[in-house]
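The sequence and structure come next.

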Amino acid sequence: MKNHDRFSGDDDALDRLIRERLAALQGFKAPKGAVDSVYRRIKDADASSATAPFRRPHTFGFNWRLVFSVLTACIMTAALTFVLTRSLTESEVEKTYIIRFVYENNSAETVTLMGDFNNWREDTMMYRVAETSYWTAQVELAEGVYKYGFLIDGEEWTSDPLASLRVEDSYGNENSLIVLVDDAEKRTHL
Amino acid sequence: MKTKGGTGGCDRISTLLPFDEQHTGVSVELQAHDFDTILHENKHAIFNLLFRLTGDFHLSEDLFQETFLKAYRSLGSYRGNAKLSTWIYSIALNVFRDHIRRNRWTHPFQISLLSDKSDFTSSESTPEEQYIANEERMDIQKRLMELKPAFRIPVVLYYIDGFSISRIAEITGRSQSDIKVSLHRARKVLQKRMALRI
């Protein structure tokens, strides 16, 4: 070892100690046959490189692994699309709205909510909010457009004064309209 | 250059190996002679180097073959600027580094330390002495394997092969100060792992 490779103080002592310990790892010989294995390796490498030009070009080869991967990807994509589409469709079919109707009348004894969603039956009674003149009822409706109105004390018909859309029926009565369509594009075609 | 493997080896490889005279500009006979000489003169040193770096006998065999395959292929490009042994050591280290890069996401070294008693030029006489010496070697090799490759390479070259720092810098392509820093840090790690007391 050259002088400038030597270390000072503790480092020098540690250097000596490590050198003594690692000396045990010196002198391991190459196994018998190592030289022959090198020559075999070189021959094999040369043989494979010599035949390489005659191999089928890789780009035109039928790559089973690639085909399998593409097929698997296609199947997975199709399955995922099916599941997603189905779940979307199901959620659309089951889409419902909870609607609370509110009507103000301080002289009425009873108010009934009637519409084509309950076949104009008088079975959806509205209840009066305590100590107010507000009548209210809550119904669950599927997506769609519905006509409705309020029957006061079982004889007087009125449309919803708060509704912005109204239509007349064939008897000349005015009904209110409620539009429950989530898609803005669909609403423009109503 | 004297061929340790004898003249028969030179004749054998000149017929076995397709040295390319036109490509290298060196005669086929001379190339064959050079390669056989390099192989025979460095086989033990290179194998020991790779075995100490990998701790795996079979992996060392594979890297050993790879090293000399690369040496064979680049023999014509060897310009003689460096010592032949420096050149072959550089190739071996590149092969080792390539192996690390290829296997960086897997566990690169299984530390399958075999009982490396067979090919030692040892002075251990009794089986008991041989056993103790072998256990000791395996323990030291384990400590060596715990060093990261950037430290392990200079440690092996410095402490086991006995190269100077300037020679190690030449072989590894790193600066001398870089090698010194690596050795200093490696020493501290080894001191702790081997429980060395100064």
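Patches are made of residues with over 30% relative accessible area and no salt bridge, and nonpolar side chains are joined within 5 Å. The model discussed here is predicted.

**Surface patches**

Under that definition, A:Val102, A:Tyr127, A:Val129, A:Tyr134 and A:Leu162 form a nonpolar patch on the surface, and their accessible area together is about 490 Å². One of these residues, A:Val129, is located in the loop between strand 3 and strand 4 (134–142) of chain A. A:Val129 has a relative accessible area of 34% and is therefore partly exposed.

A negative surface patch is made up of A:Glu109, A:Asp153, A:Glu155 and A:Glu156. Among them, A:Asp153 sits in the loop between strand 5 and strand 6 (156–158) of chain A. The relative accessible area of A:Asp153 is 34%, so A:Asp153 counts as partly exposed.

**Strand 2 of chain A**

Is strand 2 of chain A enclosed by the rest of the structure, or open? Of the 5 residues of strand 2 (residues 111–115), 5 are buried, so the strand is largely enclosed by the rest of the structure. A:Val111, A:Leu113 and A:Gly115 point one way from the strand, while A:Thr112 and A:Met114 point the other way; all are buried.

Strand 2 of chain A pairs with two strands of chain A, strand 3 and strand 5. With strand 3 (residues 124–128), the sense is antiparallel and there are 3 bridges. In this pairing A:Val111 stands opposite A:Met126. With strand 5 (residues 144–152), the sense is again antiparallel, over 5 bridges. Here A:Gly115 stands opposite A:Tyr148.

**Salt bridges**

| Residue | Partner | N to O distance |
|---|---|---|
| A:Arg19 | A:Asp15 | 4.0 Å |
| A:Asp123 | A:Arg121 | 3.1 Å |
| B:Lys70 | B:Asp98 | 3.3 Å |

A:Arg19 and A:Asp15 both belong to helix 1 (residues 9–22) of chain A, where they are 4 residues apart, about one turn of the helix. A:Asp15 has a relative accessible area of 2% and so is buried. A:Arg19, at 24% relative accessibility, counts as partly exposed. The cut-off behind these two labels is 20% relative accessible area, under which a residue is buried.

In the pair of A:Asp123 and A:Arg121, the closest N and O atoms are 3.1 Å apart. A:Asp123 is partly exposed, with a relative accessible area of 46%, and A:Arg121 is partly exposed at 44%.

In chain B, the side chains of B:Lys70 and B:Asp98 meet in a salt bridge. This pair links distant parts of the chain: B:Lys70 lies in helix 4 (residues 57–73) of chain B and B:Asp98 in helix 5 (residues 84–102) of chain B, 28 residues apart. B:Lys70 is partly exposed, with 33% relative accessible area. B:Asp98 is also partly exposed, with 23%.

Elsewhere in chain B, salt bridges that share partners join B:Asp139, B:Arg143, B:Glu146 and B:Arg193 into one network.

Terms used:
Residues numbered from 1 in each chain as written. Chains lettered and ligands numbered in written order. Predicted model: local features only at pLDDT ≥ 70, side-chain atom pairs only at ≥ 80, totals over all residues. Heavy atoms only, no water. Buried < 20%, exposed > 50% of the residue type's maximum accessible area, 1.4 Å probe, protein only. Pairing = 2+ DSSP bridges. Patch = residues over 30% accessible without salt bridge, like charges linked within 9 Å, V, L, I, M, F, W, Y side chains within 5 Å. Areas by Shrake-Rupley, 256 points an atom, 1.4 Å probe, with all protein chains shown as cover. Lys, Arg positive; Asp, Glu negative; His and termini not counted. Charge placed at Lys NZ, Arg CZ, Asp CG, Glu CD.
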